[in-house]
Amino acid sequence: MKSVRHWIGGALTGGDGRTGEVFNPATGEVSGHVALASAEEVDAAVAAAVAAFPAWRDASLTKRTQVLFRFRELMVAHRDELAALISAEHGKVHSDALGEVARGLEVVEFACGIPHLLKGGFSEGVSTRVDSYSIRQPLGVVAGVTPFNFPAMVPMWMFPIAIACGNAFVLKPSERDPSASLLMARLWQEAGLPDGVFNVVQGDKVAVDRLLEHPDVRAVSFVGSTPIARYVYETGTAHGKRVQALGGAKNHMLVLPDADLDLVADSAVSAGFGSAGERCMAISVVLAVDPVGDELVEKIKERVAKLVIGPGDDPEAEMGPLVTRQHRDKVASYLDLGVEEGAKLVVDGRESALLGGGKASEAPGFWLGPTVLDHVPAGSRVHTEEIFGPVLSIVRVPSYEEGVRIINDGEYGNGTAIFTNDGGAARRFQNEVEVGMIGINVPIPVPMAFYSFGGWKASLFGDTHVHGAEGVHFYTRGKVVTSRWLDPSHGGVNLGFPTNG
């Protein structure tokens, strides 16, 4: 049985104190144990980062870029190994895990352009023989706290840019699927990153709280649920840190009557049930504008019936289990709740057939198949609460205007989509909807790495999104330098107030 430890100062360490269990979600069996860091172990990781920071800050942009390019090549070479670790501990199928790695690598590739991204401005002759220019410099030691649903991609939203900018990084991954973090640490070392620039502390709230309180940690990035995002933001800022905390979501797809319903059905099933719905950008609500609802639900049911559900390491499987038994049980509780609230359960994921035989509700492991609830009342708990599982709610609406109102009245503002062939309606939607990331006939509008990821309202705490140009600004701070180089003939004292002339 494997033991997952910390990576501090370029070496595996710790594991002698508290530990947690790591499960194989497909079988429900314990596959290993993970160290849960003490405050002292967090302090050791931060100390290693503090010691490594000055030399890395002073490393040339050329040197940093060379390390990043090498890391990218090693990640590509080991992507199957990394995807296998993700499948074994998270449960998502191998192809989905490979897609996660690929999307994370886009940020690494973006960070390889750091010499261009850190260029400042220069103004010559702002006053007599005076020049002004701007520069951006790293913060120091920064930390990332990342969720279980993307154990490779979400950390890669953070650390490639932070490290490229010259910072030292401490990662606290989810204790539910911690092994991917150690493979990435080893590849950083092989790529030539100096020891201590990238560190991993496994753990739970003890580790998170210490990072939020530690005086040498300058900034914290977080992705997770809204209640924890709010806690991280308030605690971190109270200790003088720069914080970006991305929270939960309840993403809607608005379907207008002129939309291609085959495209809509394909998109709703793909975006609702990929990664077993454990995505902050999953579509969990379809707002069907009359009169398309009945036809659309039939098309969705046809596609759901053909989905292949099985273990992540089975190449035939299209959807795997949920991450833990507790989470599976919580998600499954919404099926009965939806019926109690007046919805119609048209596909029951508890009855889904699994590869190898049996159905989800009777199999070992943390299984729940794709579920569809129709005629979900707007404003009900099933409609408004973040379920974070394979439950797709169909809400019938009479008009475009009512659909937009429902979206804008929601607590969250992460992602949304509209499906239509009317360019005017799409343009109006992108202007009126109060959401940070919008898809037009695109069901999961996750931006490319050179744009920034983040939502509005209760989906984001702080004013900076991750990766892209905003990521570079988050991990750096600006200076403006005003310089004068006197010619040998100049001299004299002038006590008057300085003016530009």
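Guide: The account below begins with helix α4 and then turns to other parts of the chain.

This is a predicted model, in which local features need pLDDT of at least 70 and side-chain atom pairs count only at pLDDT 80 or more, while totals for chains, interfaces and linings use all residues. Residues are numbered from 1 along each chain as its sequence is written, and side-chain values use heavy atoms, with hydrogens and water left out.

Helix α4 covers residues 94-111; at 1.5 Å a residue, its 18 residues should span 26 Å, and its end C-alpha atoms are 26 Å apart, which agrees. The expected span of a helix is 1.5 Å times one less than its number of residues. Helices (H or I, at least four residues) and strands (E, at least two) are DSSP runs, numbered from the N terminus.

Among the buried residues of α4 are D96, A97, E100, V101, G104 and L105. Here, buried means under 20% relative accessible area, exposed means over 50%, and partly exposed lies in between (1.4 Å probe, protein chains only). The cover over the buried residues of α4 includes α2 (61-77), α3 (79-90), α5 (114-117), α6 (153-164) and α16 (468-474).

A salt bridge is a side-chain nitrogen of Lys or Arg within 4 Å of a carboxyl oxygen of Asp or Glu. E100 counts as buried because its relative accessibility is 2%. K92 is likewise buried, with a relative accessible area of 2%.

The structure holds 28 salt bridges. Another of them joins R303 and D262, whose closest N and O atoms are 3.1 Å apart. R303 lies in helix α11 (residues 293-305) and D262 in helix α10 (residues 261-273), so this pair ties together parts that are 41 residues apart in sequence. D262 counts as partly exposed, since its relative accessibility is 36%. A network of salt bridges links D262, D266, K299 and R303. A further salt bridge is formed by the side chains of E385 and R381 (2.7 Å, N to O). E385 is partly exposed at 25% relative accessibility, and R381 is partly exposed at 41%.

Helix α12 (residues 325-340) has 16 residues, which at 1.5 Å each should span 22 Å; its end C-alpha atoms are 23 Å apart, which agrees. Its buried residues are H327, R328, V331, A332, Y334, L335, L337 and G338. Among the elements that cover them are β15 (344-347), β16 (371-374), α13 (381-384) and β17 (391-397). Just after α12, G342 takes a positive phi of about 110 degrees.

L171 is placed in strand β9 (residues 168-172) and is buried, with a relative accessible area of 0%. Leaving aside neighbours within four places in sequence, L171 is in contact (heavy atoms within 4.5 Å) with G144, T146, P155, S181, F198, N199, V200 and V201. I418 belongs to strand β19 (residues 415-419) and is buried, also with a relative accessible area of 0%. With neighbours within four places in sequence set aside, the contacts of I418 include L254, L256, Y400 and A425. The C-alpha atoms of I418 and R103 are separated by 23 Å, the two residues being 315 residues apart along the chain.

H214 sits in the loop between α8 (205-213) and β11 (217-223), and it counts as buried at 7% relative accessibility. Y451 lies in the loop between β20 (437-440) and β21 (456-457), and Y451 is exposed, with a relative accessible area of 57%. Together, M448, F450 and Y451 make a nonpolar surface patch of about 360 Å². Patches are made of residues with over 30% relative accessible area and no salt bridge, where like charges are joined within 9 Å and nonpolar side chains (Val, Leu, Ile, Met, Phe, Trp, Tyr) within 5 Å. Accessible areas come from the Shrake-Rupley method with a 1.4 Å probe, and for residues only the protein chains shown count as cover.
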